[in-house]
Amino acid sequence: MHPALLLLTDSRLPAGGHAHSGGTEQAIASGAVHDVPTLAAFLKGRLHTAGAVTAALTAAACAHAASTTTAPITGTPGTPLWGRLDAEVDARTASPAQRHASRTQGRLLLRVARRVWPSPVLDGLAAESPNPHHPIALGTAAHAAGATPEEAAMAAAYHAISGPATAAVRLLGLDPVAVHGLLATLAPDLTAVTAGACRAAVHQDPGWAALPACSAPALDLLAERHATAEVRLFVS
Amino acid sequence: MGANHDDHHHAPDGHDRALRLGVGGPVGSGKTALVAALCRTLGRSLSLGVVTNDIYTTEDADFLRRAGVLDQERILAVETGCCPHTAIRDDIAANLDAVETLEHRFGPLDLVIVESGGDNLTATFSRGLADRQIFVLDVSGGDKVPRKGGPGVTTADLLVINKTDLASMVGADLGVMARDAAAVRGERPVLFTSIRQDPTAATVATWVANEVWSWPQPHHPAPAA
């Protein structure tokens, strides 16, 4: 594992992620999540739907960033197609509120990544897409930091559950050790989602239409409800 | 928000942008009232923007908008995910994004005020977010608070002790507060205010104006006569 992955998955990475709950705040407000078992079900569902999609998109972005710097067969770098990949993310994100949250987090991560791992590929992304979706920023940042598409996918899958888990600890006062125990039990799921993401993403660049598009309508609805909620602590 | 910046890399030394002023302090000490007073007093001679960090909802931003001290569009609210101190100290990304959004939309600005969510005495602004910071206490929290210190009381560029009109009612000794604050702050200034009695916060506004005039930014308007 590349050490940069530790930085990219650390909740202390100053890229604004701490203020996003990924639908957890509304899931709690609605009563669907109220203890560790209901949080477990929520996180597992989130990981295998939204998590699987973002992991694949992140791996695709990382592989694409690599292909624009060195092309393994021809030896000539390709032209980045960030706009097309961005459209693939849009097409897989039904909720406007989720699209907005994804672009906000992508913009903030890109800002951090450009200072921490300065590179032409990040500058190129910023020039073409100043508000990239989070998976695109994460995949490109992972490449700039020296990580592989598989590692980038793992980071995305972990992001899909770690931030929501922390939000639940803060909002419900759950035992943080119990919640970290829950995250540990999801390790095999993380491995499986990462493997699936890479199968879909790495060998098809830029055949992105075949990337996973599994939807989570409940998450979409939670995101939309959250965006108009009168009282909220988290951005999303 | 959703700024469409081409480049987030504003010069860290601040030579091409507005002074960024953090206003922090415990819940109820008068941060929002002070920000409103500064807008009222400085808004005619300076180009301003305000970012609020509410713990809950957008109440502070709404209060400022209702107060009519500044164009509504120049006030942005940031959500802090239950951690107001994280948003101004450890992970300043959302606040920087809001500040740069205001500069992008309305720039060049002279002063951007970032008001923190109410927090405890350990809260302090990152130097990556605020060039100067004010910590606001009030006398009704007790006259022992300055002695307790903490990074806000000790290191803020200006300590404001508000609600002096309540001192006699809560048995707070302003002399003790001044002495204790001086003991932990050395030469750093302390100002006593009652924003209820002086809604212009004249002494604090003068301090802020002096900081703005001495800030190396080329777009200053002429100081108000």
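In which sense do strand 1 and strand 5 of chain B pair, and over how many bridges?

## Strand pairing in chain B

Strand 1 (residues 19–24) and strand 5 (residues 132–138) of chain B pair in the parallel sense over 4 bridges. Strands pair if DSSP finds at least two bridges between them; strands (E, at least two residues) and helices (H or I, at least four) are DSSP runs numbered from the N terminus. B:Leu21 has B:Arg132 of strand 5 as its bridge partner.

## Basis of the model

This is a predicted model, in which local features need pLDDT of at least 70 and side-chain atom pairs count only at pLDDT 80 or more, while totals for chains, interfaces and linings use all residues. Residues are numbered from 1 along each chain as its sequence is written, chains are lettered from A in the order in which they are written, and side-chain values use heavy atoms, without hydrogens and water.

## The sheet

Chain B has an open sheet of 7 strands in the order 3-2-4-1-5-6-7, with parallel pairing. Its edge strands, strand 3 (75–79) and strand 7 (190–192), each pair on one side only.

## Nonpolar cores

A nonpolar core is a set of buried Ala, Val, Leu, Ile, Met, Phe, Trp, Tyr and Cys residues joined through side-chain atoms within 4.5 Å, where buried means under 20% relative accessible area with a 1.4 Å probe, protein chains only. The largest core has 65 residues, of which A:Leu39, A:Leu43, A:Trp82, A:Leu85 and A:Leu211 touch the most other members. Helix 3 (residues 36–69) of chain A gives the most to this core, with 14 residues.

Another core, of 33 residues, lies apart from the largest one and includes B:Leu21 and B:Val23.

Terms used. Buried < 20%, exposed > 50% of the residue type's maximum accessible area, 1.4 Å probe, protein only.
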